[in-house]
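Please open the model in the viewer and keep the selection panel at hand.

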Amino acid sequence: MRTARQPANVVFPLIFPMLLLAVNAGGLKAATNLPGFPTSSFLAFALAVPFIQGALLATINANVEFARDIQTGFLNRLALTPVRGLVLLVGQLGGLLTIALVQAVFYLAVGTAFGVRLASGIGGAFMLLVLEAVIALGFAALGSWAALKTGSTEAVQGLFPVFFVFLFLSSMNMPRNLIQADWFRWIATVNPVSYLIEAVRSLVIEGWNWEALGLGFAAAGALSAIGFALAIHALWHRLERT
Amino acid sequence: MTQFEDTIAVARGVAWRVLHTFFTNKAFLLPSVAFPLFFFTAFVGALSRIRDVPGFDFPTGYTAFQFVFVLLQSAAFAGVFTGFGIARDFESGFMRRLMVAAPNRGGILLGYALSALVRWLTVVSIVTVVALLAHMQVGGNGVELFGLYLLGLLLNLAGALWAAGVAMRLRTQQAAPVMQMPVFLILFFAPVYVPLGLLQGWIHGVASVNPVTALLEAGRGLISGDRQLTVAAFAIGIGLVVGFSFWAVRGLRRAEAAG
């Protein structure tokens, strides 16, 4: 509700990834002429990126608000109520999940409107939403951990460049097998964001590639599990202090 | 003191203050240096295969091709980041005290512009060293390279004056997207990844009328020693500086009128 009441927090994560998609799809169309490029449409190839980017932006925006609740003492007052700490965290993550799913539907609709057809069909669209939910949960849990650990809006905002670096140092603009620089291909291979993008991308341009999907779910699941464990630990300490 | 001396004294004071904050606060320094380096690394690393695309015939390779974009982008954003500082000074109340104390308020704008220039020179020095370490090939001679950095300087000044004009009118840090987004869009609606001739569809149409395209193509011509659109690019650069000077001065007058 709080995010919905602030149009800037809703519009920016919807529009900015679409602008970047438009720029990259137009500017890198020529890359589809490279031998071995998996599709003739760079828009379809790049459509996976907004799903990851949107989840990141929503996470930052919502967790900045969460950090503000800590800064202003609102969380301390909530802690005095019978509400359990775990419920607070699940509520926070649930809200973020809803925002991420609304965004995912929007990106899918825009992609479809501009001629992208999912190779995996309607079932793939549902699988994509499930995958997006797990990805968003991972980023949201890590963002909540940062908010709880630091209690600082600036620290949470500082996560944005970090996440952005992970995004750009991935296979977002080129399939890993076509990346010529060895050092960059190595970074993209050890970067979990590559597997998130490739899982989403496989549903759009390949169909049902179980290996890509398995790796994507594994990366997103691991992020979620680590983020959630860290967030629970930080929440426990935060409530203990009060 | 003459009016000129007053202006210079105010400009020196403002520039020193901004630069002191910039160089002593890593929260300001690190993103300014890291972002251009990061874009350079990401573009060159991920997209170097683009040089194999049929029709891509840039003589000095993809590293030099992207270096020019990163140089111009860092110039524009060093200017825009200065606008963030002006907005912060308004919110903290410092600008009001500065306006009361400055015998010539034009010096305030000049000071911010000077600080933007020094910020960019710092950033671009580091980016240049990294590009050379990454074996960037340079085909242009000394004069052509000087011209390339001069183009960056013009874009830096234009960016600073644009952002100053916005900051002077809106006087809040919430105006940051208004300063940043048009610059981001105009830069990326140019031939960033491939030459103009390889762009297709709507982006080709937009890039063809985008003034930054001429700056990019001229910059790439200068670094490769194969000059093209140089005169047009300098005319556009000077035009942007002159136009945004008026914009910034009128913004200053509005800020004065607002008290």
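Begin in chain A of this predicted model by selecting helix α3 (residues 48–72) and helix α5 (residues 85–113) of chain A, whose axes come within 9 Å and cross at roughly 145°. The crossing of α3(A) with α5(A) is right-handed. To display the contact, show P50(A), F51(A), G54(A), A55(A), A58(A), T59(A), A62(A) and F66(A) on α3(A). By class, the contact of α3(A) with α5(A) comprises 11 nonpolar and five polar residues, with no charged ones.

Next, turn to the boundary between the chains, where 21 residues of chain A are in contact with 23 residues of chain B. On the chain A side, select α1 (7–27), α8 (159–168) and α9 (182–190), the elements that each give two or more residues to the side touching chain B. That side of chain A consists of 15 nonpolar residues, five polar residues and one charged residue.

Now select L196(A), V200(A), Y112(B), L161(B), A164(B), A167(B) and L215(B), the residues with the most contacts inside the largest nonpolar core, a set of 163 residues. Helix α3 (residues 61–92) of chain B gives the most to this core, contributing 18 residues. For general context, nonpolar side chains in soluble globular proteins tend to be buried together.

Centre the view on A164(B). Which residues is A164(B) in contact with, leaving aside its neighbours within four places in sequence? They are G83(B), I86(B), L109(B), Y112(B), A248(B) and G251(B). Of these, Y112(B) is itself one of the residues with the most contacts inside the core.

Remaining in chain B, select helix α1 (residues 3–24) and helix α5 (residues 106–133) of chain B. Their axes come within 7 Å and cross at roughly 40°, so α1(B) is oblique to α5(B). The crossing of α1(B) and α5(B) is right-handed. In this contact there are 14 nonpolar, six polar and three charged residues.

Move on to helix α9 (residues 211–224) and helix α10 (residues 230–258) of chain B, whose axes come within 8 Å and cross at roughly 130°. The arrangement of α9(B) and α10(B) is therefore oblique, and the crossing is left-handed. On α9(B), display P211(B), A214(B), L215(B), A218(B), G221(B) and L222(B); on α10(B), display T230(B), A232(B), A233(B), I236(B) and G237(B). The contact of α9(B) with α10(B) has eight nonpolar, three polar and no charged residues.

Two loop residues complete the tour. As background, most residues other than glycine have a negative phi. Select L229(B), in the loop between α9 and α10 of chain B; although not a glycine, L229(B) has a positive phi of about 55°. Is L229(B) buried or partly exposed? L229(B) counts as partly exposed because 19 other C-beta atoms lie within 10 Å, whereas burial requires 20 or more.

Finally, select R171(B), in the loop between α6 (142–170) and α7 (176–188) of chain B. Its phi is likewise positive in a residue other than glycine, near 55°. R171(B) has 20 C-beta neighbours inside 10 Å and therefore counts as buried.

How values were computed
Residues numbered from 1 in each chain as written. Chains lettered and ligands numbered in written order. Predicted model: local features only at pLDDT ≥ 70, side-chain atom pairs only at ≥ 80, totals over all residues. Axes fitted to C-alpha atoms, helices over the stretch in contact; angles between N-to-C directions. Helix = DSSP H or I, 4+ residues; strand = E, 2+ residues; numbered from the N terminus. Parallel < 35°, antiparallel > 145°, perpendicular 65-115°, else oblique. Left-handed = near helix turned anticlockwise from the far one by under 90°. Contact = placed C-beta atoms within 7 Å. Nonpolar A, V, L, I, M, F, W, Y, C, P; charged D, E, K, R; others polar. Core = buried A, V, L, I, M, F, W, Y, C linked by C-beta atoms within 7 Å. Buried ≥ 20, exposed ≤ 12 C-beta atoms within 10 Å, placed from the backbone.
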